[in-house]
Amino acid sequence: MLQDKNIIITGAGSGIGRATSELAASYGANVLCVDLSDAVDQTAAHINAAGGRAVAVQADVSDEKQVADYVAACVAEYGSVHGIYANAGVGGGGKPMLELSVEDWQRTLGVNTIGVFLAVKHTVPLFVEQGNGAIVCTASVAGLRANAGGVDYSASKAGVISIAQTVAYQLYGTGVRINAICPGLIETGMTKPVFDAARERGTEGRIGQINPTKRYGHPQEIGEMACFLLSERASYVNGQAVPVDGGLSASHPWAFPRS
Ligand SMILES: NC(=O)c1ccc[n+]([C@@H]2O[C@H](COP(=O)([O-])OP(=O)(O)OC[C@H]3O[C@@H](n4cnc5c(N)ncnc54)[C@H](O)[C@@H]3O)[C@@H](O)[C@H]2O)c1
């Protein structure tokens, strides 16, 4: 599906980014794995050991110079960039609204929203010049509706959805597509505390029960959507925020069936 495509994936040191990197490589992509953490080295090593092609770059996605540098590293390593999955994110800590400081907001928006914007800003010129390119961003169901994160996190993800919608039109007629994925609850590094606490309480079986698929999701299930959207198979999908959430966001409020 991504044979010989040169793809940048951020947040590749853990969770959804790591799973998507491995999946993209298995679909034939050359992957530039980006993360703040040196865990990204393990992602690239794992892909290369499995016969794929990956390079790890440690960078902060909220720092414009470092974004320009990771894009340049992809060109230097693979010759071009065909797609980017701007996925790195932070949870924000879920503080109550009145406890949130301006610094908390700046940290959350800096990574989740500005990090996505910078990924767009520094790949679009290449994509427009070559007449094609695919941008995928990770938003969240928290960006669609309430109750899936703090105010800062939810607003940061609503911002990502808006970036996908508005940038799609700013790229009118260029051949470049942009879409966002809205994951539901996925077991990753970010949600580990939720899963750990539930396992400790013995309530793990209740996680994910409010969606009609009746379970939580796995990072690979987001990775499959990301690889599809990055590929030419998604050639007519543009400007969308696609929920991958077991059906959670399909409903009006409802009474949870307690049998
Ligand atoms: N796990 C879920 O339930 C869920 C649901 C909806 C959306 N998301 C989103 O999915 C994306 C991936 O998160 P995940 O769940 O895999 O969590 P994760 O914590 O396992 O992975 C996030 C990765 O992003 C990296 N990162 C954080 N800040 C960075 C920065 N400034 N620069 C570079 N890398 C940075 C981290 O080091 C980490 O490796 C995030 O955008 C998150 O908001 C997750």
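Modeller: Glycine 202 follows helix H6 and has a positive phi, near 80°. This is a predicted model, in which local features need pLDDT of at least 70 and side-chain atom pairs count only at pLDDT 80 or more, whereas totals for chains, interfaces and linings use all residues. Residues are numbered from 1 along each chain as its sequence is written. Helices (H or I, at least four residues) and strands (E, at least two) are DSSP runs numbered from the N terminus.

Strand E5 (residues 133-138) is mostly covered, and six of its six residues are buried. Gly133, Ile135 and Cys137 point one way from the strand, and Ala134, Val136 and Thr138 point the other way. E5 pairs in the parallel sense with strand E4 (residues 83-86) over four bridges; pairing requires at least two DSSP bridges between two strands. In this pair, isoleucine 84 stands opposite isoleucine 135. The chain passes from E4 through helix H4 (residues 102-130) to E5 in a right-handed β-α-β crossover, that is, with the strands pointing away from the viewer, the path from the first strand over the helix to the second runs clockwise. E5 also pairs in the parallel sense with strand E6 (residues 176-183), over six bridges, and cysteine 137 has alanine 180 of E6 as its bridge partner. E5, helix H5 (residues 151-170) and E6 form a right-handed β-α-β unit.

These strands belong to an open sheet of seven, ordered E3-E2-E1-E4-E5-E6-E7 with parallel pairing. From one strand to the next the twist averages 20°, where axes are lines fitted to C-alpha atoms, for helices over the stretch in contact, and angles run from 0 to 180 degrees between N-to-C directions.

The ligand is surrounded by 27 residues, and Gly11, Gly15, Gly89, Thr188 and Gly189 are the closest; a residue is near if its C-beta atom, placed from the backbone, lies within 6 Å. Helix H1 (residues 15-26) supplies the largest share of this shell, three residues.

Note on methods. Buried ≥ 20, exposed ≤ 12 C-beta atoms within 10 Å, placed from the backbone.
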